[in-house]
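Biologist: I would like to go through this model with you. Please set each value against its definition.

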Amino acid sequence: MHPTGDWLGPLPTWLLLWLLTVGAVVAFLWSAGRLVRLLRAGAPDPRFDRPWERLRQVVTDVLGHGRLLATRRYSGLLHLFIFWGFVILTIGTIEHFLHGLVPGAQLPLLGAWGPYRFSQDLFNVLVLVGVAMAFYQRLVLRPPRLTYNADALLILGLIGALMVTNLLAAGARIALHPLPVDGWMPVSQTIAGLLRGAPPGWQEALYRVGWWGHVLLVLGFLVYIPHSKHLHIVTAAPNVYLRSLRPKGELRPIDIERALENDEPVGVSRIEQLSWKDLLDTYSCTECGRCQAECPASLSGKELSPKYLILDLKEHLLHDEAARLLTRRSPTSGNGEAEAASGAAPGEPRRALVGEVIHDQVLWDCVTCRACMDACPVFIEHVPKIVEMRRHLVMEASRILPEWQKLFDNVEASGNPWRFPRHARADWAKGLGIPTLAERPDAEYIFWVGCAGSYDERNIKVSQALARLLERAGVSYAILGREESCTGDPVRRVGNEYLFQMQAQQNIATLQQYMPKKIVTACPHCFNTLGVEYRAFGGSFEVIHHAQLLDRLVAEGRLRPQERLAATLTYHDPCYLGRYHDIYDPPRRALEAIPGVRLTEMERHRERGFCCGAGGGHAFCEERTGRRINHLRVEQALAVQPQGVATACPYCLMMFEDGARAKEVYETLPVADVAELLERATRPAEASSAPPGARGEPSATPPTTQGEEQGAGQPLARRGPQDGS
Ligand code: SF4
Ligand code: SF4
């Protein structure tokens with residue numbers, strides 16, 4: 001018996017199979033070639049370094065489904081079944097085609113090997129289980145992160161049909177012509193047992209239906225894949241391999257001087273100005289919605305959905321712009337030369353990428369928290385794309401929120417976001433005996449205070465607490481005083497690369513003048529900018545976050561927390577400390593070193609932490625739509641009924657206190673920085689009897705902090721830009 005041993009009219013069926021197979025492969029290759037040519041229209045992006053590290057990631061996150069299984073086990077498991085089923089059954093599919101295309105051919109060695117037969121049987125069933133779970137998820141569980149359309153159900157149906165036809169062909173074949181190796185195929189044997197009672201003509205017809213059905217479905221799938229969301233079957237593994245290995249907190253630097261001098265575009269306003277890897281990202285989206293389910297902007301009802309951002313880019317690339325991008329550049333075509341110099345293909349886009357395809361508000365909504373990127377199973381990079389389009393809005397189109405224009409003006413005029421005078425930057429340290437670098441040039445650490453730590457009354461208490469802790473632990477440190485200026489983090493995240501680079505150059509020159517051994521800061525944004533982003537501009541510094549240093553000082557016995565703080569606290573992970581730098585344990589360890597402190601975790605914590613709402617420049621502008629992100633976060637904290645919230649970022653502190661006021665829990669949900677709590681716990685006996693909240697005395701015990709200090713530390717986060725002038 002041979003599946004292609006018949007004639008269909010004048011054609012032998014094996015020839016028909018050849019024609020169908022060649023046609024489907026040609027159609028697939030044509031579509032794939034078009035997709036590759038579109039990728040080549042993107043901007044350059046070197047991604048082929050460190051191959052072993054890249055391969056390791058493919059092993060853990062593609063073969064092992066690490067990210068998929070780490071959260072949302074159910075969908076991770078169903079995908080694992082389907083994925084591995086496709087991998088293992090591909091061998092069977094090759095055998096299937098070989099058998100039909102070359103009558104009598106068999107896979108060498110494997111064909112009669114029992115364990116191989118068993119694997120085919122087993123994975124047919126596992127894929128069916130995966131498909132059934134996926135249907136259940138889509139039709140019954142219906143998580144909001146998924147897209148509900150006919151395409152997804154059609155694909156699931158096709159996958160199921162592929163398995164059913166495969167099993168049917170195997171069962172009918174066993175019923176007709178059993179082989180010794182069939183003992184390894186319990187499921188197909190069972191189907192064969194059911195068919196044995198049927199007349200041989202029926203068995204043969206079922207065999208052919210199963211065999212040809214499977215073949216036609218495979219070929220149909222091949223043709224359909226490049227046009228469906230299941231394109232990720234082909235692109236996901238390369239996308240994971242090619243993921244960014246640069247530091248997570250580093251945005252792509254631009255030679256801004258050259259760009260401005262040569263009138264080159266800054267940022268991205270056309271799809272082809274995204275890198276080829278950005279375009280590959282769009283092919284690889286599985287539409288799983290995991291990014292959206294973690295995104296604070298989406299969850300608070302904003303227009304931004306990281307999933308639809310990627311899908312809109314894909315739609316724009318494949319449907320609006322493909323014809324233009326695939327048109328060969330002609331040296332005689334209009335302004336082709338200028339366009340080529342800017343990395344843009346000739347011709348006008350059918351729709352404006354920024355404004356029409358991706359609305360300005362979508363770009364503004366992002367708090368750059370990176371939750372989307374950490375959740376994405378195929379390592380799609382959302383934040384760099386958003387910032388590139390923001391750069392266009394700010395630097396080219398001059399379309400910007402008024403608060404952010406004021407932020408730029410203030411940083412440019414006075415080196416801080418609120419236009420406080422530069423000369424007042426070190427006023428917080430007056431009378432505390434805190435040395436400046438000019439006074440202690442050989443200090444081991446520069447204490448980089450940051451704008452909030454220097455000017456915001458609430459965060460001044462954190463700076464003072466940290467200074468006391470450093471003194472107490474015998475750490476040699478000094479501050480820059482008036483010479484310190486905003487690192488430029490907020491303006492860079494908003495898109496003002498020019499102003500960021502001005503700030504960077506100024507700060508790097510100041511720091512290099514003192515050649516610091518190390519820098520310690522209480523601000524995760526300064527920590528990231530000084531330690532990671534300044535490197536691209538010639539500033540290479542060893543930077544430590546205060547939570548790390550305090551943890552170390554406690555471990556070395558240089559800080560001994562002794563005063564009890566009988567409280568259950570929940571720790572809020574700042575995004576630029578946690579997700580951007582994987583610093584989760586040091587602040588928790590420092591807190592747990594305080595006698596009596598118990599930590600309870602919010603549902604979203606560590607890698608799944610939820611932004612306070614201040615990142616990406618949002619500490620300095622109003623949320624115009626949806627709910628306030630910090631209100632959501634306070635609700636998440638309240639859900640675990642803590643007696644206080646601890647954090648390690650000045651902006652998180654402001655946002656939490658602001659949220660606590662709005663939720664009317666300011667008195668009952670005190671918020672404190674790790675340094676404040678540790679300072680209180682290590683205070684010498686006579687000092688700790690001083691009333692908490694006295695000016696210059698950070699109150700570290702959460703239940704008393706706000707009650708006694710309300711009004712003393714009004715957050716600056718939402719102050720008007722002129723407040724400091
Ligand atoms: S970075 Fe945060 S706010 Fe921005 S899209 Fe991703 S999850 Fe949403
Ligand atoms: S971007 Fe990533 S996480 Fe978001 S829907 Fe696509 S594959 Fe899923």
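Biologist: Which residues of H20 are called buried, and what makes them so?

Modeller: First, the ground rules. This is a predicted model, where local features need pLDDT of at least 70, side-chain atom pairs count only at pLDDT 80 or more, and totals for chains, interfaces and linings use all residues. Residues are numbered from 1 along each chain as its sequence is written, while chains are lettered from A and ligands numbered from 1 in the order in which they are written. Now H20: its buried residues are Trp404, Leu407, Phe408, Asn410, Val411 and Ser414. A residue is buried if 20 or more other C-beta atoms, placed from the backbone, lie within 10 Å of its own, exposed if 12 or fewer, and partly exposed in between. Helices H23 (489-494) and H24 (497-514) are among what covers these buried residues.

Biologist: Why is Gly539 called partly exposed?

Modeller: Gly539 has 19 C-beta neighbours inside 10 Å, so it counts as partly exposed. Gly539 sits in the loop between helix H25 (524-533) and strand E6 (543-545).

Biologist: What is Gly539 in contact with, beyond four places in sequence?

Modeller: Ile508, Leu511 and Tyr534. Contact means C-beta atoms, placed from the backbone, within 7 Å.

Biologist: What makes a residue part of the shell around ligand 2, and how many surround it?

Modeller: The C-beta atom, placed from the backbone, must lie within 6 Å of the molecule. 15 residues surround ligand 2, the closest being Cys285, Cys288, Cys291, Lys307 and Cys376. Helices H12 (290-294) and H14 (306-320) each give two or more residues to the shell. H14 has the largest share, three residues.

Biologist: How many residues of domain 2 are in contact with domain 3?

Modeller: 23 residues of domain 2 are in contact with 23 of domain 3. H19 gives the most to the domain 2 side, six residues.

Note on methods. Helices (H or I, at least four residues) and strands (E, at least two) are DSSP runs, numbered from the N terminus. Two residues are in contact if their C-beta atoms, placed from the backbone, lie within 7 Å.
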